[in-house]
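Let's walk through this fold together, beginning with a term we will need and then moving from the sheet to its helices and charged pairs. Please have the structure open as you read.

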Amino acid sequence: MNDEPAESLFTRYVLENPWPAGIFLLLTGFALVMIWFNRGENRLFTAAAGSFALGGLVFLIAWLVQTPGEQAREVVREMVGHAEQGEVDEMIEMISPDASLHLGSLKRPGRSFSQLEASLRTLEAGNRISSNTITRLRGWSTSSDSALVQLGCRTETAQGWSAVPTSWMFELERAEDGEWSVTRIAFRSLAGKEPTRILR
């Protein structure tokens, strides 16, 4: 099941990823300047200046505005760091007491916080991480105080033979004090297949 929400082009290509639009506008400006040197037409110089200005504005807006999706993404990145170190207590502090664990998709029925905590506790022993690489980390703003984050990893544990790819989806909400917490976690895939049980 697909948990990924729709998002506006402005959010995706200006606020959260200004590089494609910004670089395109700057390169267009340079191209127009080169043509202006050859032709000397004032309208080309005006168009080049406008293109440079728009490109700079795209990068300025992206620098000034941090969306909920971007903030939540950094929270998940921090959580992964704790997981790599086996710091489960620190992870649990970032999770809401009402949080639930879902297999395959957030749209599936969730399991209780106690089962979620039990699964996380395996990171202290049997599933202790020996190496981990983040292969995907993307956030979506779902409101001014909530977001979804997709995480992909290649992880090797102390008892494993090789790195195994997994994918996850996190739902996060921001409290009145500005702190973000994880409210739901979906264990989406294990080695490319939908998991049938939680990690133990």
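A residue here is called buried when its relative accessible area is under 20%, exposed when it is over 50%, and partly exposed in between. Arg73, at 22% relative accessibility, therefore counts as partly exposed. Keep in mind that the model is a predicted one.

Five strands make up an open sheet with mixed pairing, arranged in the order 1-5-4-3-2. Strand 1 (95-103) and strand 2 (129-143) are the edge strands; each has a single partner strand, so one side of each is left without a neighbour in the sheet. From one strand to the next, the twist averages 20°. Strand 2 runs antiparallel to strand 3 (residues 146-157), and twelve bridges join the two. Within this pair, Gly139 is found opposite Val149 of strand 3.

Two helices meet this sheet. Helix 4 (residues 68-84) lies across strand 1, strand 2, strand 3, strand 4 (164-174) and strand 5 (180-190), and it runs at about 160° to strand 2. Helix 6 (residues 113-121) also packs on the sheet, where it touches strand 1 and strand 5, its direction making about 80° with that of strand 1.

Next, look at the surface. Leu54, Leu57, Leu60, Trp63, Leu64 and Val65 form a nonpolar patch there, with about 630 Å² of accessible area together. Trp63 belongs to helix 3 (residues 42-64). With a relative accessible area of 67%, Trp63 is exposed.

Finally, the charges. Side chains of opposite charge can pair when their charged atoms come close. The model has nine salt bridges. In one of them, Arg73 pairs with Glu74, their closest N and O atoms being 3.9 Å apart; Glu74, at 35% relative accessibility, is partly exposed.

Arg174 and Asp145 meet in a salt bridge at 3.0 Å, N to O. Arg174 lies in strand 4 and Asp145 in the loop between strand 2 and strand 3, so this pair ties together parts that are 29 residues apart in sequence. Arg174 is partly exposed at 24%, and Asp145 is partly exposed at 36%.

Arg184 and Glu171 also form a salt bridge, at 2.9 Å from N to O. Their pairing links strand 5, which holds Arg184, with strand 4, which holds Glu171, across 13 residues. Elsewhere, a network of salt bridges links Asp89, Glu117, Arg121 and Glu124.

Terms used: Residues are numbered from 1 along each chain as its sequence is written. This is a predicted model: local features need pLDDT of at least 70, side-chain atom pairs count only at pLDDT 80 or more; totals for chains, interfaces and linings use all residues. Side-chain values use heavy atoms; hydrogens and water are left out. Two strands pair if DSSP finds at least two bridges between them. Helices (H or I, at least four residues) and strands (E, at least two) are DSSP runs, numbered from the N terminus. Axes are lines fitted to C-alpha atoms, for helices over the stretch in contact, and angles run from 0 to 180 degrees between N-to-C directions. Contact means heavy atoms within 4.5 Å. Patches are made of residues with over 30% relative accessible area and no salt bridge: like charges are joined within 9 Å, nonpolar side chains (Val, Leu, Ile, Met, Phe, Trp, Tyr) within 5 Å. Accessible areas come from the Shrake-Rupley method with a 1.4 Å probe; for residues, only the protein chains shown count as cover. A salt bridge is a side-chain nitrogen of Lys or Arg within 4 Å of a carboxyl oxygen of Asp or Glu. Buried means under 20% relative accessible area, exposed over 50%, partly exposed in between (1.4 Å probe, protein chains only).
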